[in-house]
Amino acid sequence: MTIESDFLELMTQTCTVEPFSANNEYAEPSFGSAVPYSCRTVHKTSLVRTIENKEITSIAQTWIYGSPGISPKDRITLPDGTQPKILRVDRFPDENGNHHDKVWT
C-alpha cells in the first residue's frame, strides 16, 4: 500500500460543500449547488484562530481529500447532517500541489 491509498482509506465519510455565491439586498448569503466530497470528520472540541484573528471553539474538524478550495464563506454539510459555520480552512500540499483541506467548524 502507498501513503496515498492509506490516506484515502481514512476518507470513509461524505460531506457536501455549497460555494458562496453572493449576498442579497438583506445581506443574506446565497450558495451554489452542493458538491459531495470524500472526507473524515472528527468531533473534537479545540480552540482555533479564525481568519478574523479571533480565538473561538471548534466542535469538529473535517479533512477533505483533493483540496477543492473551500472558503469560510461556503456552507458545509457534515456527514451527520449538521451545517456548522466554517471557522477556518487549512490547505496541505504535497509535491504535486494542494493535497487536502482541513476544515474547522
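**Exercise 1.** Determine how strands S5 and S6 run and how many bridges join them.

*Solution.* Strands are DSSP runs of E with at least two residues, while helices are runs of H or I with at least four, all numbered from the N terminus. Two strands pair if DSSP finds at least two bridges between them. S5 covers residues 46–49 and S6 covers residues 55–58; they run antiparallel and are joined by four bridges. Ser46, for instance, has Ser58 in S6 as its bridge partner. Five residues lie between the two strands of this hairpin, and Asn53 in the turn has a positive phi of about 65°.

The model is predicted: local features need pLDDT of at least 70 and side-chain atom pairs pLDDT 80 or more, whereas totals for chains, interfaces and linings use all residues. Residues are numbered from 1 along each chain as its sequence is written, and side-chain values use heavy atoms, without hydrogens and water.

**Exercise 2.** Classify the ring pair of Phe20 and Phe31.

*Solution.* Rings of Phe, Tyr and Trp (its six-membered ring) pair if their centres lie within 6.5 Å; planes under 30 degrees apart are stacked, over 60 edge-to-face, and the rest tilted. The count is one aromatic pair. The ring centres of Phe20 and Phe31 are 6.3 Å apart and the planes stand at 80°, so the pair is edge-to-face. Because Phe20 lies in strand S2 (residues 20–23) and Phe31 in strand S3 (residues 29–31), the pair ties together parts 11 residues apart in sequence.

**Exercise 3.** Decide whether Glu95 is buried or exposed.

*Solution.* Buried means under 20% relative accessible area, exposed over 50%, and partly exposed in between (1.4 Å probe, protein chains only). Glu95 has 72% relative accessibility, so Glu95 counts as exposed.
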